[in-house]
Amino acid sequence: MPRYRESTIGQITNQAVAKTRQRPKDPCRTCDPASEHMLTTRGEGQLSQFDRYLAQQPQCSFGLTGICCRLCLQGPCRILPKEPGNRGICGARDYAIVARNLVRSIAGGASSHSDHGRHAAETLLKVAEGKAPDYKITDEEKLRSVAARIGLEVEGVPTKELAKQVALKALEDYGRHTDEPCTFLWSTITEGRRKKFTHCDIAPTAIDKTIAQLLSQTVMGMDADPVNIIFGGLKTALVDYTGMHIGTDISDILFGTPKPIVSEANLGTLDADYVNIATHGHNPTLSEMVVEAARELEDEAKAAGAKGIRVVGICCTGNELLMRQGVSLAANQASQELAIMTGAVDAVIMDVQCFIPGLKALSECFHTRLITTNEMAKIPGSYHFDFKEERALEQARDMVRLAIEAYKNRDASRVNIPAEKHKVIAGFSLETVQEMLAAVNPDRPIKVITDAIEAGEIKGLCLFAGCNNMKSPQDEAHLTIAKELAKKDVLLLATGCSAGALAKAGLMTPAAVEAYAGEGLKSFLRRLEEASGMEPGLPLVWHMGSCVDNTRAADLLTAMANELGVDTPKVPFVATAPEAMHEKAVSIGAWCVTMGVPTHVGVMPPVEGSPLVYGIVTQIAHDVYGGHFILEEDPKEGARKLLDALEYRVWKLRLHRKAAEKYDTELAASW
Ligand code: MSK
């Protein structure tokens with residue numbers, strides 16, 4: 001049996017440094033026609049991250065390759081070619097510096113996601129205790145299924161009591177003092193992963209402790225062993241997963257589990273006749289209230305001269321509202337400032353994560369009100385509401401009224417909304433997917449997918465996740481890889497700003513199936529569409545939600561592994577973050593690898609400065625966990641490598657199955 005070997009392994013190509021030396025000159029680096037329209041017709045002085053990226057070129061090659069250490073005040077230290085400069089002042093080698101920098105990104109990502117989950121759990125607790133009257137338990141079925149999964153007694157327990165128990169159990173995952181692993185991790189993974197994480201000693205017991213310990217492990221004078229540092233990083237990536245799972249589960253309980261829903265995406269969804277409010281960030285706790293308040297205050301908007309109020313979404317709060325409320329998704333990460341350039345956005349209401357300070361300078365060119373709402377996320381000069389769940393709707397109404405006031409000052413002559421928009425069919429929670437599959441096989445719904453893979457109708461699944469990154473033209477890598485894989489019969493799932501890119505370009509429509517899917521994928525989707533009676537048809541890419549909702553895809557992976565009777569590293573399932581940018585993307589990618597998923601990253605992370613760390617993340621990780629990083633900046637090459645990984649798994653699965661039948665044994669556990 002050949003050892004799995006990714007074709008460019010061990011050959012560090014210095015992709016990151018080569019790219020910065022190319023020094024792009026044109027700020028209009030996008031393949032989204034709406035963004036292109038804004039960048040080419042904007043007024044003078046309206047700057048965005050597209051311009052600021054150019055101003056930063058060439059970027060520092062020490063930073064790009066991860067061999068710059070700023071952990072103590074003697075630094076920054078850089079790793080130079082010759083002794084004694086080839087070590088930091090303290091003697092740290094390239095591999096220690098690269099590994100520490102990398103895992104500290106994971107700690108950043110895990111903090112963000114777990115904080116989101118904590119907020120959801122605290123809100124659920126307040127609802128259960130009657131302290132947040134504007135919220136309710138919308139999905140009792142989900143509450144009961146989550147409660148049963150985490151080992152609570154469900155029968156006969158009143159809803160609010162059960163909600164309290166689920167919230168407390170979730171909060172226990174943040175501060176447990178015993179050796180028991182985190183509940184929301186342990187209850188959602190395969191037996192094989194539980195054994196692997198125990199064996200490798202990376203099973204976390206508490207979210208907060210794990211993140212704090214990783215920071216402690218990587219301060220000056222602590223861990224210099226790159227393998228040990230990376231294992232600490234992977235343990236932290238698993239608390240990222242835990243916090244995300246808590247966030248998704250509880251958001252579904254509070255606001256409803258997404259079901260198929262039709263809406264639209266891109267900047268063309270803004271409407272000059274309406275008060276336009278852009279919700280931005282990640283946490284639906286605020287944005288759900290904004291939607292409700294906007295519906296209530298329609299008459300006030302009309303009295304101000306508008307036809308009504310239009311709420312749109314940016315980034316992942318946009319994805320959350322799209323999935324549950326059918327709110328249009330106006331922009332993903334790279335086009336957030338361009339939404340303001342339309343001159344038609346009256347207010348941007350932000351909760352947490354991914355809104356950039358550059359929004360402020362741009363908003364000053366227009367009448368747009370910027371509103372921050374979280375004590376940890378303020379932008380100087382913006383309006384700030386100290387958002388409290390206890391007064392949620394009242395505060396949301398005040399924010400909407402600010403937008404209506406701003407609308408009165410809008411200069412109609414400066415409104416410049418691009419026409420570009422596409423229909424989107426979203427709402428593919430795991431529950432939706434299972435329901436669709438049950439129309440074909442009611443007893444074993446997931447078998448519909450695994451059978452299609454084993455029969456060669458589809459090649460496997462690919463999860464598209466992650467952000468935009470100014471290092472690559474906006475959305476280009478997302479679209480290129482999606483089209484390449486669809487052509488080769490890969491079933492596509494998407495979350496976060498990757499979902500935004502694919503939605504904006506019309507890939508979440510049945511028409512895209514006709515345009516881009518290979519024959520196998522087409523016949524699979526048509527069969528499913530007919531059996532489930534899905535109206536208005538199945539899209540090419542299944543939108544699974546915000547970046548926090550990547551655990552929905554992980555749950556599908558786990559269900560497929562259980563259906564096949566194998567552990568996750570044998571499942572033909574890959575992931576890609578074609579334009580990864582945020583630390584959250586690093587932490588998601590890291591837990592994908594621990595779950596046994598070959599994970600492509602289309603923007604080189606800062607690991608090229610250490611051949612040892614590069615080898616660990618691209619090769620050794622596969623030997624230990626069954627998943628590994630595929631670091632490839634060329635999107636076509638990235639697609640080819642993802643396809644290779646899928647085909648290898650299908651080949652091996654078939655081979656092992658044949659051997660098991662021939663010798664009447666269990667399926668081999670190895671990968
Ligand atoms: S918003 S983390 S830019 S996906 Fe989730 Fe988009 Fe990445 Fe933020």
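A crossing of two helices is called left-handed if the near helix is turned anticlockwise from the far one by less than a right angle, and right-handed if clockwise. In this sense the crossing of H5 and H7 is left-handed. The model is predicted, and local features were taken at pLDDT of at least 70, side-chain atom pairs at pLDDT 80 or more, and totals for chains, interfaces and linings over all residues. Residues are numbered from 1 along each chain as its sequence is written, and side-chain values use heavy atoms, without hydrogens and water.

Helices and strands are DSSP runs numbered from the N terminus (helices H or I, at least four residues; strands E, at least two). Axes are lines fitted to C-alpha atoms, for helices over the stretch in contact, with angles from 0 to 180 degrees between N-to-C directions. Angles under 35 degrees count as roughly parallel, over 145 as roughly antiparallel, 65 to 115 as roughly perpendicular and the rest as oblique.

Helix H5 (residues 94-128) packs with helix H7 (residues 159-175) at about 150°, their axes being 8 Å apart. H5 is therefore roughly antiparallel to H7. With helix H10 (residues 207-217), the axis of H5 crosses at roughly 160° and comes within 10 Å, so that H5 and H10 are also roughly antiparallel. This crossing of H5 and H10 is left-handed.

The axes of H5 and helix H11 (residues 226-255) cross at roughly 20° and come within 7 Å. H5 is therefore roughly parallel to H11. H5 passes H11 in a left-handed crossing. The contact of H5 with H11 comprises 21 nonpolar, ten polar and two charged residues; Ala, Val, Leu, Ile, Met, Phe, Trp, Tyr, Cys and Pro count as nonpolar, Asp, Glu, Lys and Arg as charged, and the others, Gly among them, as polar.

Cys 315 lies in helix H14 (residues 315-325), and its phi is near 55°, a positive value in a residue other than glycine.

Most residues other than glycine have a negative phi, and most peptide bonds are trans. A cis peptide bond joins Gly 75 and Pro 76, with omega about 5°. Pro 76 is placed in the loop between strand E1 (68-69) and strand E2 (77-78). Another cis peptide bond joins Glu 83 and Pro 84, with omega about -5°, and Pro 84 lies in the loop between E2 and H5.
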